[in-house]
Each structure stands twice: as C-alpha cells, then as structure tokens.
Amino acid sequence: MKLSITENNGVLLAAGLPEKFDYTVCNEALRRLTLDNGPKKLVVSFAGVLFLDSCGIGTLITLRNRLMKEKGAMALCDIGERLENILKITDLRKVFALYGNADEAVAALSGGQGI
C-alpha cells in the first residue's frame, strides 16, 4: 500500500489508499493511521478507491472512535459514486463528515469543524 500521510494546518491527510480497501489491507491501514502523537485531526482521501468491504468500513469506524475519545475529528473526501452508494446504504453518511476534496476537508477540520 502506498499510503502517504502529510500534515497541513494541524490536520493529517492520508492519501494513496489502494483501489480495493478491503480485508487484505485493513490491518496495515489501521496501524499506519492510528495517531499516537501529534494532530488528532485526520482526513482520509478515497481518490482512486473503487471498492470498500465491511472490514474497510470497520477500520474507518474504529479510527473515528479512537479520535473521538481524544477529542479529535475525522473526515472523508474524494468519495466516488460507488463509495457514496455504500455509505448511503449503510447509513454512514451521518457518521462521517464528507467533503468533495482534500482542500475542503482540511480547511473544515483546521477551523475546528467536522465530526
């Protein structure tokens, strides 16, 4: 997985998830995205991701819950139509802050907004 994590205005941006965000990569993604020190605000870009399974969804929920315990925030961006449908069907659009692109998401979280 070519996951890159950069910091912008106190917000970490994770990009480069594989085309299939599924059980084969979830453990590594969770390990790499768990924030021990530093900013407690995370934006995950789904640019190029075409598939998300239940393990991927569980990973996102676990990350969000860990951040919430630390008074942090998490947002998702660059959600394609297929992933949008998955989030709609699972009713997770109410759980995650969704943005059109990384700039919008980083701006929202750096301003103290987000879920």
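In which strand does Leu12 lie? In this predicted model, Leu12 belongs to strand β2, which covers residues 11–15. The points below go from that residue to the sheet around it and then to the helices.

**Leu12**
- Leu12 has a relative accessible area of 11% and is therefore buried, since the cut-off for that term is under 20%.
- Between Leu12 and Val44 there are 8.4 Å in space from C-alpha to C-alpha, although the two are 32 residues apart in sequence.

**The sheet**
- An open sheet with mixed pairing is formed by five strands, whose order is β1-β2-β4-β6-β7.
- The edges are taken by β1 (4–8) and β7 (97–99), each of which has a single partner strand, so one side of each is left without a neighbour in the sheet.
- From one strand to the next, the twist averages 25°.
- The pairing of β1 with β2 is antiparallel and runs over five bridges, and Asn8 has Val11 of β2 as its bridge partner.
- Helix α2, made of residues 54–69, packs on this sheet, where it touches β4 (41–45) and β6 (73–77), and its direction makes about 150° with that of β6.

**The two helices**
- Helix α1 (residues 26–33) packs with α2 at an angle of about 15°, and their axes are 10 Å apart; because angles under 35 degrees count as roughly parallel, α1 is described as roughly parallel to α2.
- The crossing of α1 and α2 is right-handed, and the contact is made by Cys26, Leu30 and Leu33 of α1 together with Cys55, Gly56, Thr59, Thr62, Leu63 and Arg66 of α2.
- Among the residues of this contact of α1 with α2, five are nonpolar, three are polar and one is charged.

Note on methods. Residues are numbered from 1 along each chain as its sequence is written. This is a predicted model: local features need pLDDT of at least 70, side-chain atom pairs count only at pLDDT 80 or more; totals for chains, interfaces and linings use all residues. Side-chain values use heavy atoms; hydrogens and water are left out. Helices (H or I, at least four residues) and strands (E, at least two) are DSSP runs, numbered from the N terminus. Buried means under 20% relative accessible area, exposed over 50%, partly exposed in between (1.4 Å probe, protein chains only). Two strands pair if DSSP finds at least two bridges between them. Axes are lines fitted to C-alpha atoms, for helices over the stretch in contact, and angles run from 0 to 180 degrees between N-to-C directions. Contact means heavy atoms within 4.5 Å. Angles under 35 degrees count as roughly parallel, over 145 as roughly antiparallel, 65 to 115 as roughly perpendicular and the rest as oblique. A crossing is left-handed if the near helix is turned anticlockwise from the far one by less than a right angle, and right-handed if clockwise. Ala, Val, Leu, Ile, Met, Phe, Trp, Tyr, Cys and Pro count as nonpolar, Asp, Glu, Lys and Arg as charged, and the others, Gly among them, as polar.
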